[in-house]
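Here is a short briefing to read alongside the model. Please keep the picture open while you go through the points.

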Amino acid sequence: MSAQDYLAELFSLEGRVAVVTGGSSGIGKGIATALARAGAKTVVVARGREALTATVDELTALGCEAAWVTGDLSGRDAIREAGEAAAAVYGEPDILVNSAGINLRPPMSEIDEGVWDATMAVNLEAPFLLGQRFGPGMAERGFGRIIHVTSQQAHRAFVQSGVYGVSKGALESLARSQAEAWSPHGVTCNTLVPGFVMTPLNERLASDPEKVAALAARTMTGRNGLAEDFAGAAVYLASRASAYVTGQALFVDGGLSVH
Ligand SMILES: NC(=O)c1ccc[n+]([C@@H]2O[C@H](COP(=O)([O-])OP(=O)(O)OC[C@H]3O[C@@H](n4cnc5c(N)ncnc54)[C@H](OP(=O)(O)O)[C@@H]3O)[C@@H](O)[C@H]2O)c1
């Protein structure tokens, strides 16, 4: 067997269908691009049509098969509709990536129920409901990969974790519960844990060069993350190669968490 065939056997996503929420920007876009380039027919889900269209155009130009679906993952009915719409494009997905997320950053004392509800809906309830929608089918078919994107704040307080940290901590627990339920049937569930990544989510923080440099200095690699840094880890967790890795949190953070 050639080296190329061996690598394809381990990592190729040819013949797979992937759904990536938040796939139109930042880390989600980096992951959607990687999965599509590795061969998966990829559906990206978000609210803004402009960024969705631009993402799919870029993927198509790279020779990938990709499509978009609009969906607002901040309410139960809309989450369910987005799940149905995503599955209608290429069929039931083999790979689900939950990257859509929001970080509202009021100081702890000012967090009200509105901030709590909004954060929990997008960051936690959408991954849960999409997991309920797709997980059992993956288990029935004997193969599935669920990948959540969490945060340093799932593990420790970090730059005003607030409710965001609560939602990400729970998301890691959700991954373990899903792993416990569906791993016996070939469905692994894991999380990717970013450090500080230069994306629109961090626009305000990223506009302060001193803070950006201070965060880079806290890593071991000496720089902050880029969306492309998630490509290899995402393909690995989506592929056959990771069949025995489940319920885990994989830190893609330049060593920030262990420095
Ligand atoms: N950047 C970091 O340093 C960092 C660190 C740790 C964890 N993370 C996590 O990584 C994930 C991606 O973050 P990012 O930095 O890549 O953010 P981003 O560039 O702001 O992208 C967020 C994506 O989520 C979508 N989205 C937001 N609200 C949505 C909603 N209500 N319904 C559907 N889609 C929605 C956005 O599209 P629309 O706005 O068009 O809907 C966009 O595609 C998040 O879960 C975040 O918590 C990021």
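A crossing of two helices is called left-handed if the near helix is turned anticlockwise from the far one by less than a right angle, and right-handed if clockwise. Helices (H or I, at least four residues) and strands (E, at least two) are DSSP runs, numbered from the N terminus. With that in hand, you can see that helix 4 passes helix 5 in a right-handed crossing.

This is a predicted model, in which local features need pLDDT of at least 70, side-chain atom pairs count only at pLDDT 80 or more, and totals for chains, interfaces and linings use all residues. Residues are numbered from 1 along each chain as its sequence is written.

**Helix 4 and helix 5**

- Axes are lines fitted to C-alpha atoms, for helices over the stretch in contact, and angles run from 0 to 180 degrees between N-to-C directions.
- The axes of helix 4 (residues 76–90) and helix 5 (residues 113–141) come within 10 Å, and they cross at roughly 45°.
- Helix 4 and helix 5 are therefore oblique to each other; angles under 35 degrees count as roughly parallel, over 145 as roughly antiparallel, 65 to 115 as roughly perpendicular and the rest as oblique.
- Two residues are in contact if their C-beta atoms, placed from the backbone, lie within 7 Å.
- On the helix 4 side you find Arg 76, Ile 79, Arg 80 and Gly 83, which meet Glu 125, Ala 126, Leu 129, Leu 130 and Arg 133 in helix 5.
- The residues of this contact of helix 4 with helix 5 divide into 4 nonpolar, 1 polar and 4 charged; here Ala, Val, Leu, Ile, Met, Phe, Trp, Tyr, Cys and Pro count as nonpolar, Asp, Glu, Lys and Arg as charged, and the others, Gly among them, as polar.

**Helix 5 and helix 6**

- The axes of helix 5 and helix 6 come within 9 Å and cross at roughly 10°.
- That angle makes helix 5 roughly parallel to helix 6.
- Helix 5 contributes residues including Val 115, Trp 116, Phe 128 and Met 138, while helix 6 contributes residues including Val 163, Tyr 164, Leu 174 and Trp 182.
- Sorted by class, the contact of helix 5 with helix 6 has 14 nonpolar, 6 polar and 1 charged residues.

**Helix 2 and helix 9**

- The axes of helix 2 (residues 26–37) and helix 9 (residues 231–238) come within 9 Å and cross at roughly 55°.
- Helix 2 is therefore oblique to helix 9.
- Helix 2 passes helix 9 in a right-handed crossing.
- Gly 30, Ile 31, Ala 34 and Leu 35 of helix 2 make the contact with Ala 231, Ala 234, Val 235 and Ala 238 of helix 9.
- The contact of helix 2 with helix 9 has 7 nonpolar, 1 polar and no charged residues.

**Around the ligand**

- A residue is near a molecule or strand if its C-beta atom, placed from the backbone, lies within 6 Å of it.
- Of the 30 residues around the ligand, Gly 22, Gly 26, Arg 47, Gly 48 and Gly 101 come nearest.
- Helix 2 supplies the largest share of the shell around the ligand, with 3 residues.
- The shell around the ligand divides into 13 nonpolar, 15 polar and 2 charged residues.

**Two buried residues**

- A residue is buried if 20 or more other C-beta atoms lie within 10 Å of its own, exposed if 12 or fewer, and partly exposed in between, with C-beta atoms placed from the backbone.
- Ala 175 sits in helix 6 (residues 162–182), and Ala 175 is buried, because 26 other C-beta atoms lie within 10 Å.
- Not counting residues up to four places away in sequence, Ala 175 touches His 148, Cys 189, Asn 190, Thr 191 and Gly 247.
- Lys 29 belongs to helix 2, and Lys 29 is buried, with 26 other C-beta atoms within 10 Å.
- Leaving out residues up to four places away in sequence, Lys 29 touches Gly 23, Ser 24, Thr 55 and Ala 227.

**Two exposed residues**

- Look for Pro 107 in the loop between strand 4 (95–98) and helix 5; Pro 107 is exposed, with 8 other C-beta atoms within 10 Å.
- Pro 107 and Ala 233 are 126 residues apart in sequence and 33 Å apart in space, C-alpha to C-alpha.
- Tyr 6 is in helix 1 (residues 3–11), and Tyr 6 counts as exposed because it has 10 C-beta neighbours inside 10 Å.
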